[in-house]
Amino acid sequence: MAVAPQTVGLVEAATLPLPGLTAWQTLNWLAVSAGERLLIAGAAGAVGGVALQLARARGVAVDALVSRDAQVAFARGHGAEVVATDPDAFRARSYDAVFDTFGAFLTDAVADGGRYASIATQAGPVPDLSARGVRTTVNQVHEDGAGLRELAGLVDDGSLRLRVHAAFGVDRIRAAHRRFLRGGLSGKIAVTF
């Protein structure tokens, strides 16, 4: 448990725990630090957007794969250097770490001796890269009150901006689901009670 961020409303704050902790814990596993290069696949999504902001706050050089041209501005606006919709735009073996949020399997992008983390459990296991000295994981989020407190502090100091695409009352749950299925979201869909 942690106190919610004080600088945003409760609906916005409710979008922090799952994507925030997933990004936080995966970046910690990747052990990315200032001066290293990170590629995030899905950098404009819920988890990827948080990971992009957190990595930049740590001084990491970040490049971003996004799924639509409309997401390029978000990734650039949050500090990504190279942003592309084409996975082939990224140089082979040039990243210290790769964070894959949706199963893009950009395994050629990670440098020998690097780290590769996926959160896309539905996409299957990450290929074995041990012959290149690359450590891999499919990361699963776990409860973490201390991490959540850190994230809330980053929201409050302005280092992390949360995104809500739309909020629906619980009486409009079907409309919320239909909006989610249409895709093209610029943030989370929130359901209020």
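Are Phe 90 and Tyr 95 buried or exposed? In this predicted model, Phe 90 is buried and Tyr 95 is buried too.

**The sheet**

Six strands make up an open sheet. Their order is β3-β2-β1-β4-β5-β6, and the pairing is parallel. β3 (83-84) and β6 (135-138) are the edge strands, each pairing on one side only. β4 and β5 (residues 110-118) run parallel and are joined by five bridges. Asp 100 has its bridge partner in β5, namely Ser 118.

**The cores**

In soluble globular proteins, nonpolar side chains tend to be buried together. Here the largest nonpolar core holds 38 residues. Those that touch the most other members are Leu 27, Leu 38, Ile 40, Leu 54, Phe 99, Leu 151 and Leu 160. Two or more residues come from each of α2 (17-30), β1 (37-41), α3, β2 (61-65), α4 (72-77), β4 (95-100) and α5 (145-156). α3 gives the most, with six residues.

Leaving aside neighbours within four places in sequence, Leu 38 is in contact with residues including Leu 27, Ala 55, Val 62, Tyr 95 and Phe 99.

A second, separate core has 14 residues, among them Phe 90, Tyr 95, Ala 109 and Val 126.

**Ring geometry**

The count of aromatic pairs comes to one. Phe 90 and Tyr 95 form it, in an edge-to-face arrangement. Their ring centres lie 6.5 Å apart, with 70 degrees between the planes. Two arginines also sit over rings, as the table lists.

| Arginine | Ring | Distance to ring centre |
|---|---|---|
| Arg 135 | Trp 29 | 4.6 Å |
| Arg 163 | Phe 74 | 4.1 Å |

**A buried glutamine**

Where is Gln 53 found? Gln 53 is in helix α3 (residues 46-57). Why does Gln 53 count as buried? Gln 53 counts as buried because its relative accessibility is 6%, and the cut-off is under 20%. A polar atom of the Gln 53 side chain lies 2.7 Å from the backbone nitrogen of Arg 161. Apart from neighbours within four places in sequence, Gln 53 is in contact with Phe 74, His 78, Ser 159, Leu 160 and Arg 161. Of these contacts, Phe 74 is the ring that lies under Arg 163, and Leu 160 is one of the residues touching the most other members of the largest core.

Note on methods: Residues numbered from 1 in each chain as written. Predicted model: local features only at pLDDT ≥ 70, side-chain atom pairs only at ≥ 80, totals over all residues. Heavy atoms only, no water. Phe/Tyr/Trp six-rings, centres within 6.5 Å; stacked < 30°, edge-to-face > 60°. Buried < 20%, exposed > 50% of the residue type's maximum accessible area, 1.4 Å probe, protein only. Lys NZ or Arg CZ within 6 Å of the ring centre and 35° of its normal. Helix = DSSP H or I, 4+ residues; strand = E, 2+ residues; numbered from the N terminus. Polar contact = N/O pair within 3.5 Å; in protein donor to acceptor, adjacent residues only side chain to side chain. Contact = heavy atoms within 4.5 Å. Core = buried A, V, L, I, M, F, W, Y, C linked by side-chain atoms within 4.5 Å. Pairing = 2+ DSSP bridges.
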